[in-house]
Amino acid sequence: MAVKVSQAERMMNLLALLVDRAKPLTLRQVRQELGKQYPDSDEAARAAFERDKAALREMGIPIETKTLGGDAAGEVTYWVNRSNYELSDLRLTEEERTALQLAVATVHLGAQHGEEALWKLGGERILRKASMSVNIGLVDQNMSMITDAVMKRRTLNFEYKGEQRQVDPYGMLSRSGFWYIIGFDHLRRDQRVFRVDRIEGEVIAGEARAFKTPENFDVAGAVPTEKQMLAAGDGEVTTAVVLVDAALAAGVRREFGESSVIKDRDDGSVEFSIPCANLDAFRLWLFAMVESAEVLEPQTVREQIVQWLEELSAGK
Amino acid sequence: MATKKKAKSTRKPVKTRPVKTRPAKKRTAKKSAAKTTSRPARRGPRSAAQRVSVLLVMLPWIMQRQRVKISTMARQFNLTEAELIEDLQMAAVCGVPPYTPDALIDVYMDNGMVIAEVPLVFSRPLKLSTAELFAVSVMAQTAMQLPGANKKGPLASALTKLAPLMPSGAETIKVQLPKARYVKELLTASSSGERQEIEYFSPATQKRTMRTITARKVFEDAGRWYVAADDHLSGEDRVFRVDRIEQLSGTEIFDQLREVRDDELPWFSESLQQVTLRVQKSARWIVESYPYVSRVDNADGSVDLTMSVTSSHWLGRLLLRAGKGVKVLKPAQYKNLATETARSVLSRYSASNSASNSTSNSAS
């Protein structure tokens, strides 16, 4: 009869054994050494051992294998080299560790990886609440696959806007609450931007080091700002004159810059020149101000806005 | 946040912040968990792999410290004390055959303390995983952008030491924080307790109000800066959008410092109304951009979304932007809100049309 030990305990003992022994061990030897911690039947023991091995590898412990030849042909030996999984001493100072702890306490990812890294670096999770916090959400189901692919330069496959895409992810950007992937889109044969939360279904990643990121690649510059989005369209009219009431004018001025100001009116309202080549994006931007903004010119754009409003107010 | 009731039109009284459902949910979870343990509730028993991976992190950690209070350690690792003791007791019998003392994990618990001596095999921490390296890199570069960060300080030098571990792709992962005036000032105020006088703009009421606040916590969420504060105008705890603070100055009145936990943030001071919207594909950005309470995907590709709404002004704006891509299913009071909002914007255009007509008439 196998002795009753928990799988967790058996895994700990297996790891200790594979690290401790000078020579690689076969499964038969492992079972002998661990004295009946594995089930008696060969088949069940093999299955349990495979489970343990997979779980340990998942934790970042590389279990090496070698298939023997000669008399023992076909038998596999296993061993673990400590230096392959142990963190080398980074010689962090107390000050540096504290700074990392503060960063982890302040920046929230919605995942525990930061805390885990801290523990491994000998630090501690700060349990007291910081007076400042930043949320950089990593909550998307595909996030770990994507970040791993970007870090290790793996090609990604996913569905986006109803099409199957194959993308070499050059980089990632977090801006305004969204994560973007910037990469080479094999379908379009060009560089494209993808929003992570718009990816449909699962993401599949290929081999590491599958591509090179172009030199001088600029992550932030690759994702258009709202201002650039309004201008990125094929509409005939490229700019519109928009009158914004005093209450909201300061915000628009900050967003589009002083160069967009056409005229400051006496009542505090301001006429701005705003890109509108992408009319859909322009309308979304304009209507965020509801009745506090109005298109003055050109007449064609004004008419389109009025027509949209008339249709909506007619309840069509 | 503005509470002044809007005098004009048929609109309901308004508050300005879009909905956050998360804090309310968290609060209930915490409360129920607090009865039995000090950590957030977690479902189901832990797997063997979970227990081993935590142990492999905990053993080197305790090895460095040698003596730690059980309660402190349990909190640190998000375990109950019972779970921690169970894991450590298991670790105490692990080792290498023939299980001589030097090969066993020597751990015992005494008087509320954990005391441990760990054999070589378990004494060094595991390498950082790619996910952990990513997290550290993102957190550190974000922290480096915060007001008051020292670009040549210990965080920067820690990152330099970590750099050799980073895969090459880490260089092209960037976080951009929103820029807002007064973040630094509010942060200073939250640690000094000095009341600030602010001029605050509410787009819902189209009004600026002067108010004094005591800032408690400054935070960024989904691309915006907020400050949680005691609002002395309303006498309530409020969350303000920092980009809507037009002016700010210190008052030289100091309040006692107080901590605000994330799950205590006063996003709302009243209960919220829920609406159900049918969202077509063309307005899918609504599903992506706002928190919702529940979601039903229909066969035709549309989505029925139930969300909490802080004000009819906010909802009206959403409906206006989405146009025909969205319809209010319930409650009935909002069924005509899209047409009403469109009409009120339209009236601005007709007013200026007639104004310019009369100008040209008088000129001719």
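Two strands are taken to pair if DSSP finds at least two bridges between them. Helices (H or I, at least four residues) and strands (E, at least two) are DSSP runs, numbered from the N terminus. By these criteria, strand β7 of chain A (residues 163–175) pairs with strand β4 of chain B (residues 173–176). The pairing is parallel and spans 4 bridges. Within it, Ile173(B) of β4(B) stands opposite Met172(A).

The model is predicted; local features need pLDDT of at least 70, side-chain atom pairs count only at pLDDT 80 or more, and totals for chains, interfaces and linings use all residues. Residues are numbered from 1 along each chain as its sequence is written, while chains are lettered from A and ligands numbered from 1 in the order in which they are written.

The model scores pTM 0.78 and ipTM 0.83. The pLDDT is the predictor's confidence in each residue, from 0 to 100. Its average over chain B is 80, and 82% of the residues score at least 70. Residues 1–41 of chain B have a pLDDT below 50, yet the model gives this stretch 74 contacts beyond near neighbours in sequence. Two residues are in contact if their C-beta atoms, placed from the backbone, lie within 7 Å. Residues 359–364 of chain B also stay under 50 in pLDDT. For them the model has 0 contacts beyond four places in sequence.

The contact between the chains takes 88 residues from chain A and 89 residues from chain B. On the chain B side, 48 of these are nonpolar, 22 polar and 19 charged. Here Ala, Val, Leu, Ile, Met, Phe, Trp, Tyr, Cys and Pro count as nonpolar, Asp, Glu, Lys and Arg as charged, and the others, Gly among them, as polar.

Helices also meet across the two chains. Helix α5 of chain A (residues 94–106) packs against helix α5 of chain B (residues 130–145) at about 90 degrees, with the axes 9 Å apart. Axes are lines fitted to C-alpha atoms, for helices over the stretch in contact, and angles run from 0 to 180 degrees between N-to-C directions. The two helices are therefore roughly perpendicular (under 35 degrees counts as roughly parallel, over 145 as roughly antiparallel, 65 to 115 as roughly perpendicular and the rest as oblique). Leu100(A), Ala103(A), Val104(A) and Thr106(A) meet Met139(B), Ala140(B) and Ala143(B).

Domain bounds come from an automatic or database domain assignment. Chain A has domain 1 (7–85), domain 2 (94–135), domain 3 (143–223) and domain 4 (228–313). The C-alpha centres of its domains 1 and 3 lie 38 Å apart. Chain B has domain 1 (48–122), domain 2 (133–172), domain 3 (183–264) and domain 4 (273–344). Its domains 3 and 4 have C-alpha centres separated by 30 Å.

In chain A, 3 strands form an open antiparallel sheet in the order β1-β3-β2. Strands β1 (25–26) and β2 (63–67) are at the edges with a single partner strand each, so one side of each lacks a neighbour in the sheet. β2(A) pairs with β3(A) (residues 76–80) over 5 antiparallel bridges. Thr65(A) stands opposite Tyr78(A) in β3(A). Helix α1 of chain A (residues 7–20) packs on the sheet and touches β1, β2 and β3. Its direction makes about 90 degrees with that of β3(A).

In chain B, β7 (residues 224–231) and β8 (residues 236–241) pair in the antiparallel sense over 6 bridges. Val227(B) has Phe240(B) as its bridge partner.
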